[in-house]
Amino acid sequence: LGLSYRGSAYRGWQSQPGGGGVQDHVEAALGRFAAQPIRTRCAGRTDAGVHAHNQVAHLDTTHPIEPNHLLHHLNSMLPKDIAIQTIYPVPSHHHARFSALQRTYTYYIHQEKDPFKKDLSYYYRHPLHLETMQTAANWLCTQSCFKSFCKTGTSNTHFNCTLFEATWAQQNTNRSEEHTSEL
């Protein structure tokens, strides 16, 4: 499954005791469609309130699935802030988490108060020192052990990963160049 969600109303991707995870909603919709419990595995988890674009999850089933039929039905059962964009078959040995080759994380900061960016970008009104921020980002790319970023007490055997790129980029949004449409 290729899916996206606006995470504001959720406790992250992962199923939670008492519900509240995006996974809970996806699995409930799959279960209603298949008339049996369906468990999913995801390429990565998100924290509470975090959005995802092109998140990948997989499910194992012995029943034949017609992707377009399932796509339509799942999207009709899911809340408006969760959408399945693609469904495609993968080999049985494929695992969304362990077969993933890389992940991309994007963080946004805006410096002018804007209600349309609420929940999509962090509002920080003070000056940003992009050169210093980029120096720190470049340093991160020289590191390979990220144990300090990991949850303790897990069964992970290593904490190494390759950070391919960490970039700060400023996008100018000049209000005088923005256009509005009339209804």
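This report walks through the fold, surface and charge pairs of the protein chain.

## About the model

This is a predicted model, in which local features need pLDDT of at least 70, side-chain atom pairs count only at pLDDT 80 or more, and totals for chains, interfaces and linings use all residues. Residues are numbered from 1 along each chain as its sequence is written, and side-chain values use heavy atoms, with hydrogens and water left out.

## Overall fold

The protein chain has 3 helices and 6 strands, with helices (H or I, at least four residues) and strands (E, at least two) taken as DSSP runs numbered from the N terminus. Along the sequence they come in the order β-α-β-β-α-β-β-β-α.

Of the 183 residues, 26% count as buried; here buried means under 20% relative accessible area, exposed over 50%, and partly exposed in between (1.4 Å probe, protein chains only). Take the contacts (heavy atoms within 4.5 Å) between residues at least 6 apart in sequence: 54% of them join residues at least 24 apart.

## Surface patches

The accessible surface of the protein chain is about 14000 Å², and 54% of that belongs to carbon and sulfur atoms. Areas come from the Shrake-Rupley method with a 1.4 Å probe, and for residues only the protein chains shown count as cover. Patches are built from residues with over 30% relative accessible area and no salt bridge, joining like charges within 9 Å and nonpolar side chains (Val, Leu, Ile, Met, Phe, Trp, Tyr) within 5 Å.

Ile 109, Tyr 122, Tyr 124 and Trp 168 make a nonpolar patch of about 390 Å². Tyr 122 belongs to strand 6 (residues 122-123) and is exposed, at 54% relative accessibility. A patch of positive charge brings together Arg 45, Arg 97, Arg 103 and Lys 151. Arg 45 sits in the loop between strand 2 (40-42) and strand 3 (52-59), exposed with a relative accessible area of 56%.

## Salt bridges

There are 2 salt bridges, each a side-chain nitrogen of Lys or Arg within 4 Å of a carboxyl oxygen of Asp or Glu. One joins Arg 39 and Glu 27 (3.3 Å, N to O). Arg 39 lies in the loop between helix 1 (22-34) and strand 2, and Glu 27 in helix 1, so the pair ties together parts 12 residues apart in sequence. Arg 39 is partly exposed at 47% relative accessibility, whereas Glu 27 is buried at 14%.

Lys 118 and Asp 119 also meet in a salt bridge (3.2 Å, N to O). Lys 118 is exposed at 53% relative accessibility, while Asp 119 is partly exposed at 40%.

Methods. Lys, Arg positive; Asp, Glu negative; His and termini not counted. Charge placed at Lys NZ, Arg CZ, Asp CG, Glu CD.
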